[in-house]
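User: I'm new to this one and would like to learn how to read it. Could you take me through a few features, one by one?

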Amino acid sequence: MAHISSDVSTTFSEYLLIPSLTTKDCIPDKVDLSTPLVKYKKGESSSLKLNIPMVSAIMQSVSDDGMAIALARNGGLSFVFGSQTIENQAEMIRKVKKYKAGFVASDANLTEEHTLQDVINLKRRTGYSTIGVTEDGTSNGKLLGIISGRDYRPTKDDPSKKVKDFMTPFNKLVTGKFGISLPEANDIIWDNKLNVLPIIDENDRLRYFVFRKDYDAHKEHPLELTDENKHLLVGAGINTRDYRDRVPALLEAGADVLCIDSSDGFSVWQKETIEFIKTNYPKAKVGAGNVVDKDGFDYLVAAGADFIKVGIGGGSICITREQKGIGRGQASAMIEVAAARDEHFEKTGEYIPLCSDGGIAQDYHMVLALAMGADFLMMGRYFARFDESPTRKMMVNGNYMKEYWGEGSNRARNWQRYDMGASNDGLKFEEGVDSFVPYAGKLKDNLAVTLGKIKATMCSCGSITIKQLMNTAKITKVSATSIVEGGAHDVIVRDSNIK
C-alpha cells in the first residue's frame, strides 16, 4: 500500500517566533542580510551571494529586464522568465548587464560625417543620450569626440548638419587611460565636474565610458548587487525541453546563474538538464526544483544542482494542489528539506543553499522561512505589485491594480514548466490562475519597509545574521484561536477619516 505520512502538512501562518534575548548588538543597523546563492565547501564562501535574501519569481508577469535592474540595484536578484523566445530572453539579459555600472562599453557610435538626423535616429533607437564619435563609427574606433544632449537643439538645428560641426571634439575632452581603476575614474569625473569620462587606450581608441550618474546612483543604492566588473547580476529561467539551445545563448548574453523552472523538480528531466550544463559549461551555476522532501532534495544534489528550490502549490496564483492533489504545506516542506541539507553538509562538507518558493502571505512569513532553513526567498505576488513589474496598472472597482498571472495559466501557456516527457505539446489543464494584485508603487520604497520589518524581527530573536537566525531561532505552533488573537480583536477599529 501507499506510504502514508502521519505528519500534518503545515504552513507559515501556523507558526510564531518566540523572542530571544535582545542584546546591545541586536539593532537593525547591525543586521546583515547577505546570504549565499550557490553551493560551496566548508571553510570557503559562495562564489555568488545576495545582499538581501530575495529573488523574483520566474514569471512573465514579474521578472523581465526592468524588474531585474530594479531588484539588483537594491541587493536582490531576478530570474528573467524563460517562457519566451530564446532571442528575447537573451536580449533582456544583455540589457541588464549593460545597464550599469562603472566601465560601460559604448553601444551608440557614429562617425564625424554622419548628420544630426542620424544622431536623433540613433538616440530614438537605443535610448542613449551620450554618443561616441569614432573614426570608423565602431565602439572601439579611434575617438574623435562625443555628442551629448547639450551639443544640439533638435527642434532648431538643421537635421543635415554634420556631426563634426557640433560634437565636442577630442581636444576639448577630459579622458582616462585604459587600465585605471573605477575609483580613479570617479575622482577624475568629480575633480573636473564631468558627466561622462571616455576611457581610451594608448592609440586613442575608445574602450569605455564612465558616467557620473552611475556613481551617484550607487551612493543611493548601497546594497547594489554587481559582479567584479560592476555590472548588475542577473539570473535566467530555463526549461527541460530546449535547454541545449537556450543555455548557451543565455550564458553568452551574460547570465550569472540559471534556474530550472518547474512545478515538480523530482524528475529525470531535471537530472538530464543539469548534467548537460555541468558537462558542457562546468563554470555555469544552475538551481533546480521544486521539491518538498528529503528524497527530492537528495536526488537533485546528486545531479549537481547549485541551489534547490522548495515548495509545490503554495503560490498565491498556483492551483496545483487543487488540480492534482500534489504538494505540501510550505513550512513542513522547508523544515524537512532544511534538515536534509544540514545532514548533507555534515556528511560531505558541501553546503547547498535553499530557496523557499511560495507561501509568503505576510512579511513575518519571510523571517519564519529563513529561520526554518531557507537561505533566500523567491516571490511573485510580492514583486508583481510594483511599478517595475512588466504588467499593466489598471483601475478595477475603483482601485489601482496590477495584472498577475501564473505560468501554469492559459495566458502564460508555459507548458514546458509542467513537462512530463510527452511528445505532444500544450497545456491539458491549468495549474495557475489569471488575477490582479493591489498596486503598491515603487519597489525601493516598499522593499525598505519590508527589510525594516525583517531586521526588527530578527533583533527580537537575538539574531543579526541569517545563519544565526537559523541556528538559534525559537518557533512555536499556534492554534486557530491564537491566530485570531494575533490581530486586532474585540474592538471597533477607528476609521482613519474620522477626526
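Analyst: Let's start with a term: a residue is buried under 20% relative accessible area, exposed over 50%, and partly exposed in between (1.4 Å probe, protein chains only). With a relative accessible area of 21%, Phe 345 is therefore partly exposed, while Tyr 351, at 3%, counts as buried. Keep in mind that this is a predicted model, where local features need pLDDT of at least 70, side-chain atom pairs count only at pLDDT 80 or more, and totals for chains, interfaces and linings use all residues. Residues are numbered from 1 along each chain as its sequence is written, and side-chain values use heavy atoms, with hydrogens and water left out.

User: How do I read a pair of aromatic rings?

Analyst: You describe such a pair by the distance of the centres and the angle of the planes. Rings of Phe, Tyr and Trp (its six-membered ring) pair if their centres lie within 6.5 Å; planes under 30 degrees apart count as stacked, over 60 as edge-to-face and the rest as tilted. That rule gives 13 aromatic pairs here. Take Phe 276 and Tyr 281: their centres are 6.3 Å apart and their planes stand at 65 degrees, so they're edge-to-face. Phe 345 and Tyr 351 are edge-to-face too, because their planes are at 85 degrees, with 5.7 Å between the centres. Those two also form one aromatic cluster with Tyr 40.

User: Is Phe 276 buried or exposed?

Analyst: Phe 276 counts as buried, at 17% relative accessibility, whereas Tyr 281 is partly exposed at 26%.

User: And what about charges over rings?

Analyst: A charge sits over a ring if NZ of Lys or CZ of Arg is within 6 Å of the ring centre and within 35 degrees of the ring normal. Arg 244 does this over the face of Phe 276, 5.8 Å from the ring centre. Another case is Lys 393, whose charged end is 4.5 Å from the centre of the Tyr 439 ring.

User: Which residue has a positive phi of about 55 degrees?

Analyst: That's Lys 193, although it is not a glycine. Helices (H or I, at least four residues) and strands (E, at least two) are DSSP runs, numbered from the N terminus. Lys 193 lies in the loop between helix H4 (182-191) and strand E12 (196-200), and it counts as exposed at 74% relative accessibility. Asp 204 isn't a glycine either, yet its phi is positive at about 65 degrees. You'll find Asp 204 in the loop between E12 and strand E13 (206-211).
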